[in-house]
Amino acid sequence: MAHVVISGGSRGIGRACALLFEKNGYDVTILSRTCPEENNTGITHISCDVSDPESVKTAFEKIESPVDVLISNAGVALSGLATDFGYKDYRRVMDTNFGGLFNLANEVIPQMVRRKSGVIIAISSMWGQTGASCEALYSASKGAIDSYVKSLAKELAPSGIRVNAISPGVIMTDMMSCYTEDDINALKDETPLGRLGTPEDIAGTALFLASPSSDYITGQIIGVNGGMLI
Ligand code: NDP
């Protein structure tokens, strides 16, 4: 049975990925700071703070089976004027969003290289591609993910490892809870497909990127945004 490790699988996009991969016969391990209230028996939760390399190392010591697929999904958002934030905010956003990918990839790459196979999927954001006003730090952390994904893809392709990012548009999860109904309606109006995304939209793309159907795809930043960014 193929084994997928998903960071931030306790809710939102990570949770949808965990449920979909489990349904499709994967052995699923999720890494997050809290355990989901209802955890399926086929999904193993390990407590982990992805921003802390020691916490990630300890979590991986508990993972016995080889990792076929890594989904680096855990992330935090931060909205406000660029000058509202200081070094602590910078560290929190960069260490979680980009550092999380860095820490997790460092754990799985050596074993994937040894086996000459593996798939790494990073959950980025369309703001990493375009930049978002009042989300400068967040956008920068996602831009770093995109560059890292492209570089890793080149470095690891000779070892049979594919590395891609999914770049979601606006997806209805807890991360969107700070927006008012008017904001949400305005975002819907800006989306050519006329609706906001669901966590399942992203999970479906992740399942495709993990599967042999995408065997010739690496180093790509795949937009899943209802046409908001074309
Ligand atoms: P949620 O806020 O719903 O979920 C975030 C997840 O990340 C939770 O499972 C949380 O688990 C986990 N997490 C956060 N910090 C850490 C940490 N330090 N260590 C381990 N786990 C952590 O967000 P979404 O599901 O919406 O977001 C998932 C990803 O998708 C993020 O990377 C986000 O940037 C990206 N994205 C989301 C978009 C959206 O519109 N929703 C748009 C574009 C990108 P816990 O708190 O239990 O640790």
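Predicted model: local features only at pLDDT ≥ 70, side-chain atom pairs only at ≥ 80, totals over all residues.
**Stop 1: helices α3 and α5**

Select residues 87–115, which form helix α3, and residues 136–156, which form helix α5. Two packed helices are described by the angle between their axes and the distance between the axes. Here the axes come within 9 Å and cross at roughly 15 degrees. Angles under 35 degrees count as roughly parallel, so α3 is roughly parallel to α5. The crossing of the two helices is right-handed.

Now show the side chains where the helices meet. On the α3 side, select D89, Y90, V93, M94, N97, F98, L101, F102, A105, N106, I109 and V113. On the α5 side, select L137, Y138, A140, S141, K142, A144, I145, Y148, V149, L152 and L156. Colour them by class: the contact of α3 with α5 has 18 nonpolar, three polar and two charged residues.

**Stop 2: strand β6**

Move to residues 161–168, strand β6. Is this strand mostly covered or mostly open? It is mostly covered, with eight of its eight residues buried.

In a regular strand the side chains alternate between the two faces of the sheet. To see this in β6, colour I161, V163, A165 and S167, which point one way. Then give another colour to R162, N164, I166 and P168, which point the other way. Both sets are buried.

**Stop 3**

**Stop 4: two loop residues**

Select K116, in the loop between α3 and β5. K116 is not a glycine, yet its phi is positive, at about 55 degrees. Is K116 buried or exposed? Its relative accessibility is 54%, so K116 counts as exposed.

Finish at C134, in the loop between α4 (126–130) and α5. C134 is not a glycine either, and has a positive phi of about 65 degrees. C134 has 37% relative accessibility, so it counts as partly exposed.

Terms used: Residues numbered from 1 in each chain as written. Heavy atoms only, no water. Axes fitted to C-alpha atoms, helices over the stretch in contact; angles between N-to-C directions. Helix = DSSP H or I, 4+ residues; strand = E, 2+ residues; numbered from the N terminus. Parallel < 35°, antiparallel > 145°, perpendicular 65-115°, else oblique. Left-handed = near helix turned anticlockwise from the far one by under 90°. Contact = heavy atoms within 4.5 Å. Nonpolar A, V, L, I, M, F, W, Y, C, P; charged D, E, K, R; others polar. Buried < 20%, exposed > 50% of the residue type's maximum accessible area, 1.4 Å probe, protein only.
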